[in-house]
Amino acid sequence: MATLSVGTSPNQLAVSPDGKKVYVAIEGDPYNHTVAGGFSIIDVASLSVNTIAIDKSYEYTYVVFSADGTKAYLMAQQGDVVTGFGIIWEINTSTDQLVTSFGTTTVYEASGLSISRDSNTLYAATLPSGQVPQLIALNAFTGDLLADIALDTNVGYNAGDTVVTPNGKYLYVTDSQGGNVKMLNTSTNKIAGKPIPAGSGPYGIAVAPDGNRLYIANYISSSVTVVDISK
Amino acid sequence: MSKQILFRSIGYRLKTAILSVSLIAVGLPGALALPDNKVIATIPTSTGLPLGIAVSPNGKVVYVACRDGGAVDVINAATKQGRRYDCDRPWYIVCRDNSRQQNPLCNQCK
């Protein structure tokens with residue numbers, strides 16, 4: 001086992017489709033504005049680390065790769081929880097350089113960034129100020145808001161994490177306070193079927209590569225819920 | 001309205017109705033093909049605050065990052081049995097797709 005220093009407060013991480021790179025979202029210290037957040041790139045073969053500092057105002061929390069690995073998307077939110085507005089950066093993965101950004105009015109207190117199998121749509125769980133938790137769908141090229149879907153009737157908490165099935169037909173999102181998982185039909189961007197009961201505080205979520213099983217990490221009840229999603 | 005126009009109108013409506021019924025029929029299999037989403041097991045983790053979770057590329061192993069307890073649980077997907085590995089406050093975890101290795105990587109893992 002190897003331990004690598006990748007920066008201050010590393011958050012979520014993602015492996016490039018070819019397995020050669022790992023991007024790690026780095027929060028930094030956006031609350032005291034002392035350490036810039038950004039992302040770190042781990043070269044898997046050499047285990048070398050290169051950290052790209054972006055700014056001291058945002059905490060960078062989620063990163064995903066496009067299916068072909070040519071792009072990555074890095075999501076952040078302002079450290080000031082009063083404002084809490086976020087941003088998504090597109091990264092050119094051949095140069096590890098920032099290309100463009102969007103989402104400053106739609107990505108609010110966001111978590112659970114994921115991308116559709118065709119890499120055309122980004123999804124995130126967000127918490128608009130004073131509203132119920134939402135799942136948003138954004139055009140990955142323009143950042144345009146394609147859909148915002150209310151996930152619960154309770155105001156004031158964020159939903160959790162998201163995952164897209166291998167066939168791309170569905171996205172599952174954990175509703176951490178509701179204690180369940182909801183399924184989105186990605187072709188209609190509408191919730192389909194009934195909520196799946198999970199343990200208390202469902203957050204992390206993963207799907208088996210064959211698309212037959214869904215695994216949910218319940219942080220309050222300290223358990224993993226296994227769901228048959230084969231048919 | 002002349003009889004000819006009336007019959008044409010009725011014929012058009014019939015064709016539209018038949019087409020609509022056909023489209024609904026074609027759409028039915030897709031509408032009914034939702035996954036069952038049936039909970040089949042609940043597995044306790046070795047320690048508290050499981051947050052991140054990942055499945056190995058071959059689907060045989062599930063990794064769970066348990067933040068407060070400082071552990072990564074490694075669960076056999078078939079038997080649902082797990083082993084605990086100490087780790088310093090892991091939050092998220094991913095698996096690298098490698099044909100010979102199922103390498104888990106987690107943040108803040110030591």
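Which residue in strand 1 of chain B is the bridge partner of A:Val224? The report returns to this question under the heading on the two chains.

## Basis of the model

This is a predicted model, in which local features need pLDDT of at least 70, side-chain atom pairs count only at pLDDT 80 or more, and totals for chains, interfaces and linings use all residues. Residues are numbered from 1 along each chain as its sequence is written, while chains are lettered from A and ligands numbered from 1 in the order in which they are written.

## Chain A as a whole

Chain A contains zero helices and 19 strands. Helices (H or I, at least four residues) and strands (E, at least two) are DSSP runs, numbered from the N terminus. The C-alpha trace of chain A spans about 45 × 40 × 35 Å along its principal axes. A compact globule of 231 residues would have a radius of gyration near 17 Å, and the 17 Å of chain A agrees with this. That radius is taken over C-alpha atoms, and the globule rule is 2.2 Å times the number of residues to the power 0.38.

In chain A, 51% of the 231 residues count as buried. A residue is buried if 20 or more other C-beta atoms lie within 10 Å of its own, exposed if 12 or fewer, and partly exposed in between, with C-beta atoms placed from the backbone. Among the contacts in chain A with a separation of 6 or more, 37% are between residues 24 or more positions apart. Two residues are in contact if their C-beta atoms, placed from the backbone, lie within 7 Å.

Strand 9 (residues 111-115) of chain A is mostly covered, with five of its five residues buried. Strand 9 pairs with strand 10 (residues 121-126) of chain A in the antiparallel sense over three bridges; two strands pair if DSSP finds at least two bridges between them. Within this pair, A:Ile115 stands opposite A:Leu122. The two strands form a hairpin with five residues between them, and A:Ser119 in the turn has a positive phi of about 65 degrees.

Strand 17 of chain A is also part of a hairpin, formed with strand 18 of chain A. Six of the six residues of strand 17 are buried. Four bridges join strand 17 to strand 18, and the two run antiparallel. A:Ile205 stands opposite A:Ile216 in strand 18. Five residues lie between these strands, and A:Gly211 takes a positive phi near 75 degrees.

## A loop residue and the core

A:Gly69 is placed in the loop between strand 5 (58-65) and strand 6 (71-78) of chain A. This residue is partly exposed, with 17 other C-beta atoms within 10 Å. Beyond its neighbours within four places in sequence, A:Gly69 is in contact with A:Ser16, A:Pro17, A:Asp18 and A:Thr93.

The largest nonpolar core has 88 residues, of which A:Val63, A:Tyr73, A:Leu74, A:Met75, B:Ile53 and B:Val64 touch the most other members. Strand 5 of chain A gives the largest share of this core, six residues. A nonpolar core is a set of buried Ala, Val, Leu, Ile, Met, Phe, Trp, Tyr and Cys residues joined through C-beta atoms within 7 Å. Leaving aside its neighbours within four places in sequence, A:Met75 has contacts that include A:Thr61, A:Ile88, A:Val107 and A:Leu113.

## Chain B

Chain B has one helix and seven strands, and its elements run α-β-β-β-β-β-β-β from the N terminus on. Buried residues make up 32% of its 110 residues.

Four strands of chain B form an open antiparallel sheet in the order 2-3-4-5. Strand 2 (50-55) and strand 5 (82-86) stand at the edges with a single partner strand each, so one side of each is left without a neighbour in the sheet. Strand 4 (residues 71-76) and strand 5 of chain B pair over five bridges, and B:Ala71 has B:Asp86 as its bridge partner in strand 5.

## Where the two chains meet

In the contact between the chains, 39 residues of chain A meet 36 residues of chain B. The elements that give two or more residues to this side of chain A include strand 1 (10-15), strand 17 (202-207) and strand 19 (223-228).

Strand 19 of chain A is joined to strand 1 (residues 38-44) of chain B by six bridges, and the two strands run antiparallel. The opening question is answered here: B:Ile43 is the bridge partner of A:Val224.
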